[in-house]
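Hi,

Here is the structure I promised to send over. Have a look at it first, and my notes follow below.

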Amino acid sequence: MKKIEAIIRKSKFDEVKKALHQIEVNFFSYWDVTGVGNEKQGHVYRGISYSTSDIQRRYLSIVVSDEFLDRTVNTILETAYTGNVGDGKIFISDMIDAYRIRTKENGHAGIN
Amino acid sequence: MDAGLFTANNIWMMICTALVFIMHLGFSFLEIGLTRQKNTINILFKNVFIICIGLLLYYVGGFNLMYPGDFNGFIGFAGFGLEAPLNAEGTLDLAYNEGYTYWTDFLFQAMFAATAATIVSGAVAERVKIGPFMIFTIIYVGLVYPIVGSWQWGGGFLSTLGGDEGGFHDFAGSTLVHSVGGWAALVAVYLLGPRIGKFSETGKAQAIPGHNLPLATGGVLILWLGWFGFNGGSVLSADPAATSIVLVTTCLAAAAGGVGAFLFSSILYKNYDLTMFLNGILGGLVGITAGADLMSPFESILIGLIAGVIIVLGVALIDRMKLDDPVGAIAVHLICGIWGTLAVGIFGSLAGGEQFIWQLAGVGAAGAFCCLSAFIIMTILKKTVGIRVSKEEEIEGLDLHEHGMDAYPDFTNE
């Protein structure tokens, strides 16, 4: 069982979500995050231009069984891609166990 | 006079009074919109305080200081409180004025009084200590505003500068209301110093974006609506020809001010800046206020367009002078107030060299008196109780430290 954490462009979120549904990854959590990186975003406020390295992105947290890992990662790699600086990152880690609270099932049954 | 006509006049004046009242909501929204979330309660508190104390002070002495009857032209006082004129039967004497009753007169003028202090509130936002600010407001609205007003609207020396030939003209208060507030804002901002982070170590102006532009936009549109009463009521009756042209010049100048500021700032900065658009609308409104009764529609558009350009340059100039005015109050109320006052000598039915000199004299007299008074009051407060909050308080927010409250408890992010 693996946890996949992906930081992607907000503009790519709908595409990624749809693609994940198509490969039957139906359960995941997401939230909006702010981070810093190489990209600078230009702003002008009342005649003063300024750039901020604070970047808005969407953070996805997906727990999948091992056989789903490759296709999930590949789907995100393909659909979140634009080729420009700032497309995001994917992190993968081992997940020890998972429980479904309603049925008290754990392991593979806990996440699907 | 005809009772029906008098009733119509008085109703119009009461509607205008209510519209000027609503401007305080507009100011509140604009100020909190263009500042940061952590200071919202503090700004709202100041605005609510100003309208309440402004009305009370105008009752106590302001009205009779501004309209003292016959006086030396510089300062006069007709006594504390209100005393309505009565006729032979002991009821309210309706012959007081053709356009309104004594009570309407008081309340309409009282609504104006508080406006001057509200202008200061925006400029000093996010760093002023609330206690000293309230003391300043009491003195400024209670004494300075009515004294300057008496020079013109009370029949004082500015109104008779040219003897029988005329004098200073300020229809609804480009100088008497807006510049009076604007001068105090300038002095206060100078003595207070900029907010932490407004200027970099090298002295370059930094952007501190406001936290709620929808609210700022609502505020400006409410102010525009309020100006129907501010200028429309300054006709002082429901005279059909006068009120309708005043509303036309007022609205055209507002629209042209917005367009002027938006076009000029987008050419200068390559960006469609909503806040400049909003300030431009207000600049146009302040600019037309002195001569809303004198201008043709085309002249009012010119005044507005120029006001819009002035706003963009004014905001940059204030930054260049190392002054920090979060909401652009100085550019809007002071600089466009001066522009509108001088425009009476350039455009419209009174235009002429002599009139221009009288306008200049009015601007100078009000400026000198307001700057001096504001400087003395603020300096005494600065030397005694202090006018600025601590660094820690400024960074964490005035809401938390001055009020122990949070404007949006559900949104904990800065």
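Which residues in α7(B) and α8(B) meet? From α7(B) they are B:Thr249, B:Thr250, B:Ala253, B:Ala254, B:Ala256, B:Gly257, B:Gly258, B:Gly260, B:Ala261, B:Phe262 and B:Ser265, and from α8(B) they are B:Met276, B:Phe277, B:Asn279, B:Gly280, B:Ile281, B:Gly283, B:Gly284, B:Leu285, B:Gly287 and B:Ile288. By class, that contact has 10 nonpolar, 11 polar and no charged residues.

Before the rest, some housekeeping. This is a predicted model, so local features need pLDDT of at least 70 and side-chain atom pairs count only at pLDDT 80 or more, while totals for chains, interfaces and linings use all residues. Residues are numbered from 1 along each chain as its sequence is written, and chains are lettered from A and ligands numbered from 1 in the order in which they are written.

Helices (H or I, at least four residues) and strands (E, at least two) are DSSP runs, numbered from the N terminus. A contact means two residues whose C-beta atoms, placed from the backbone, lie within 7 Å. For the classes, Ala, Val, Leu, Ile, Met, Phe, Trp, Tyr, Cys and Pro count as nonpolar, Asp, Glu, Lys and Arg as charged, and the others, Gly among them, as polar.

**Helices of chain B**

The axes of α7(B) and α8(B) are 7 Å apart, and the helices pack at about 140° (axes are lines fitted to C-alpha atoms, for helices over the stretch in contact, and angles run from 0 to 180 degrees between N-to-C directions). That makes α7(B) oblique to α8(B) (under 35 degrees is roughly parallel, over 145 roughly antiparallel, 65 to 115 roughly perpendicular and the rest oblique).

B:Phe277 sits in helix α8 of chain B. It counts as buried because it has 22 C-beta neighbours inside 10 Å (20 or more other C-beta atoms within 10 Å is buried, 12 or fewer exposed, anything in between partly exposed, with C-beta atoms placed from the backbone). Leaving aside neighbours within four places in sequence, B:Phe277 is in contact with B:Gly258, B:Ala261 and B:Phe262. B:Val259 is 18 residues from B:Phe277 in sequence, yet their C-alpha atoms are 6.9 Å apart.

α8(B) also packs on helix α10 (residues 329–346) of chain B, at about 35° and with the axes 7 Å apart. That crossing is right-handed. The residues in this contact divide into eight nonpolar, seven polar and no charged.

B:Lys270, in the loop between α7 and α8 of chain B, has a positive phi near 55° and is exposed, with 9 other C-beta atoms within 10 Å. B:Lys322, in the loop between α9 and α10 of chain B, has a phi near 65°, also positive, and counts as partly exposed with 13 C-beta neighbours inside 10 Å.

**The sheet in chain A**

Four strands of chain A form an open sheet in the order β2-β3-β1-β4, with antiparallel pairing (strands pair if DSSP finds at least two bridges between them). β2 and β4 (88–94) stand at the edges with a single partner strand each, so one side of each has no neighbour in the sheet. The twist averages 15° from one strand to the next.

β1 (residues 2–8) pairs with β3 (residues 48–64) over seven bridges; A:Lys2 stands opposite A:Val64, and A:Ala6 has A:Leu60 as its bridge partner. β2 (residues 29–45) pairs with β3(A) over 13 bridges, and there A:Val33 partners A:Arg57. β2(A) and β3(A) form a hairpin with two residues between them, where A:Arg46 in the turn has a positive phi of about 50°. Helix α2 (residues 69–79) of chain A lies across β1, β3 and β4, running at about 0° to β1(A).

**Where the chains touch**

Seven residues of chain A are in contact with 14 residues of chain B. On the chain B side, α7 (240–269), α8 (274–289) and α9 (297–320) each give two or more residues, and that side divides into nine nonpolar, four polar and one charged.

Cheers

How values were computed
A crossing is left-handed if the near helix is turned anticlockwise from the far one by less than a right angle, and right-handed if clockwise.
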